[in-house]
Amino acid sequence: MQAMLGERIAQHDETPVDDHIVLFHDATWSDYERLSELRGERPVPRLAFSKGVLELMSPSREHEALKSLIGRLIEVWCVERDIEFDVYGSWTLESKEAERAVEPDECYVFGGQRDPKRPDLAIEVIWTSGRLDKRDIYRALGVRELWFWRKGRLTAHRLAGDTYEEVPASEVLPGIDLVQLASFLDRPTMSRAMREYRAALSAR
């Protein structure tokens, strides 16, 4: 599976055939709440809501493998740099007042915070086109930094006032090299990617 993922990353063009995405327009917050209740504790479909648009997304295996691999490499970096962190996966972030809701691919809180209200970092993998632009949702919810993986690149975006701006380096994890991290995503297995990334970090 991981070897296949490496090949798919190299050739990926966002053709909308892998993730299953449905968008409902003119939806209400009550529609979102009803669907969330019907889904219960099941992990899919993931839900997002913004400006009257409700998204249901069932991620493909490739999407799930990639978001997990990015997360594991972040954790390797944090352990090597003695950074305290907690992982919250697809933590449901929502605000009825703002009528915004989202479930990240992965999200993190750094520094050993107790009872965090929002993650410091959320990660979104853009594997299939046609999804909601999540930046407006995260902005309304006050998430400090977003990372997007798209077409082989990882980019960092920090919350600046009422918008996100792309920045050359992460501010919540100063010193992490996103180009270097992304270069390990094509390894044949997750364990090999983690070992080789750790070795590269130790050699610096």
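**Exercise 1. How many disulfides does the rule give?**

Solution. A disulfide is a pair of cysteine sulfur atoms within 2.5 Å. By this rule the count is 0 disulfides. The structure is a predicted model, in which local features need pLDDT of at least 70 and side-chain atom pairs count only at pLDDT 80 or more, while totals for chains, interfaces and linings use all residues. Residues are numbered from 1 along each chain as its sequence is written, and side-chain values use heavy atoms, with hydrogens and water left out.

**Exercise 2. Why is cysteine 78 too far for a bond?**

Solution. Step one: find the closest cysteine sulfur to that of cysteine 78, which belongs to cysteine 107. Step two: take the distance, 13 Å, which is too far for a bond. Cysteine 107 is therefore in no disulfide either.

**Exercise 3. Is cysteine 78 buried or exposed?**

Solution. Buried means under 20% relative accessible area, exposed over 50%, and partly exposed in between (1.4 Å probe, protein chains only). Cysteine 78 has 0%, so cysteine 78 is buried. Cysteine 107, at 0% relative accessibility, also counts as buried.

**Exercise 4. Which residues line the largest cavity?**

Solution. A cavity is a set of points on a 1 Å grid over the protein atoms alone where a 1.4 Å probe fits but cannot get out; lining residues have an atom within 4 Å of a point. The search of the whole structure finds 1 cavity of 30 Å³ or more. The lining consists of Arg46, Leu47, Ala48, Glu55, Met57, Glu103, Asp105, Glu124, Arg131 and Lys134.

Note on methods:
1 Å grid on protein atoms, 1.4 Å probe; cavity = no way out; pocket = protein on both sides within 12 Å on 5 of 7 lines; lining within 4 Å. Points joined across faces, edges and corners; volume = space filled by probe spheres on them.
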